[in-house]
Amino acid sequence: MTAGASIVVADLGSGNLRSVEKALAAVGARVAISADPDTIGAAEKLVVPGQGAFGACAAGLDRGGGALRQAAGDVIRAGRPFFGVCIGMQLLFEGSDESPDARGLAVLPGRVRRFPDAAGLKIPHMGWNRTRRGPAGAAGPAAASTDGACFYFVHSYFPEPARADDVALTSEHGVPFCAAVGRDNVFGCQFHPEKSQAAGLALLRSFVAA
């Protein structure tokens, strides 16, 4: 780990790591990227990005006999702040329709669903969408957001929490969907805060300052 780093960005082999690192540094974080389970497990705060497919990111957790899965779980169980980005957020759930045989971390009950096929509905959903705060939106990084804030999305799947109280932000693309989740020390967003200009940086700044 970089000397004095307070935030570790976990390298699962899939994710926009450098952009996330730069965005965190821009809001004042001491940050390091690591694929080492010991470094990840000892992180003061952990950010888990993910791009591509749910199964590939879950496979990243299971490298080395599941050491990264254990390390990420250790951070969460210890009550240290966790921020999941895109598929890194989806991994908080039990599983995904995209990769039915892949296991998530099962920190939050629920599954990840695909947008329904509908006339005129573009999948993947790409672009800027407005959000609204949900039941979990008054705490954690989501508290730095306001109703109507816009974030940048690139996705075909979205989380469907089993507990409405875990929904931090919502949006709409053909159907309403959960755009961010939060509970206790855990937060995750389906959009890319590192690509969402001032609104995204506000969430990251809140996470860094917590």
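The protein chain carries 20 positive and 19 negative side chains, and the centres of the two sets lie 5 Å apart. In this count Lys and Arg are positive and Asp and Glu negative, with His and the chain ends not counted; each charge is placed at NZ of Lys, CZ of Arg, CG of Asp or CD of Glu. The model is predicted, so that local features need pLDDT of at least 70 and side-chain atom pairs count only at pLDDT 80 or more, while totals for chains, interfaces and linings use all residues. Residues are numbered from 1 along each chain as its sequence is written, and side-chain values use heavy atoms, with hydrogens and water left out.

Six helices and 13 strands occur in the protein chain; these are DSSP runs numbered from the N terminus (helices H or I, at least four residues; strands E, at least two). The C-alpha trace spans about 50 × 35 × 30 Å along its principal axes. Of the contacts (heavy atoms within 4.5 Å) between residues at least 6 apart in sequence, 68% join residues at least 24 apart.

Buried residues make up 53% of the 210 residues, where buried means under 20% relative accessible area, exposed over 50% and partly exposed in between (1.4 Å probe, protein chains only). The largest nonpolar core has 63 residues, and Leu24, Leu46, Val47 and Phe191 have the most contacts inside it. Such a core is a set of buried Ala, Val, Leu, Ile, Met, Phe, Trp, Tyr and Cys residues joined through side-chain atoms within 4.5 Å. Beyond its neighbours within four places in sequence, valine 47 contacts Ile7, Val8, Val9, Ala10, Val20, Leu24, Phe83, Val85 and Phe207.

Two further positions were examined. Serine 6 lies in the segment before strand S1 (7–10) and counts as buried because its relative accessibility is 13%. Leaving aside neighbours within four places in sequence, serine 6 is in contact with Arg30, Glu44 and Lys45. Leucine 91, in the loop between helix H5 (87–90) and strand S5 (95–96), is buried, with a relative accessible area of 1%. Residues up to four places away not counted, leucine 91 touches Leu12, Phe54, Cys57, Ala58, Leu61, Gly104, Leu105 and Ala106.
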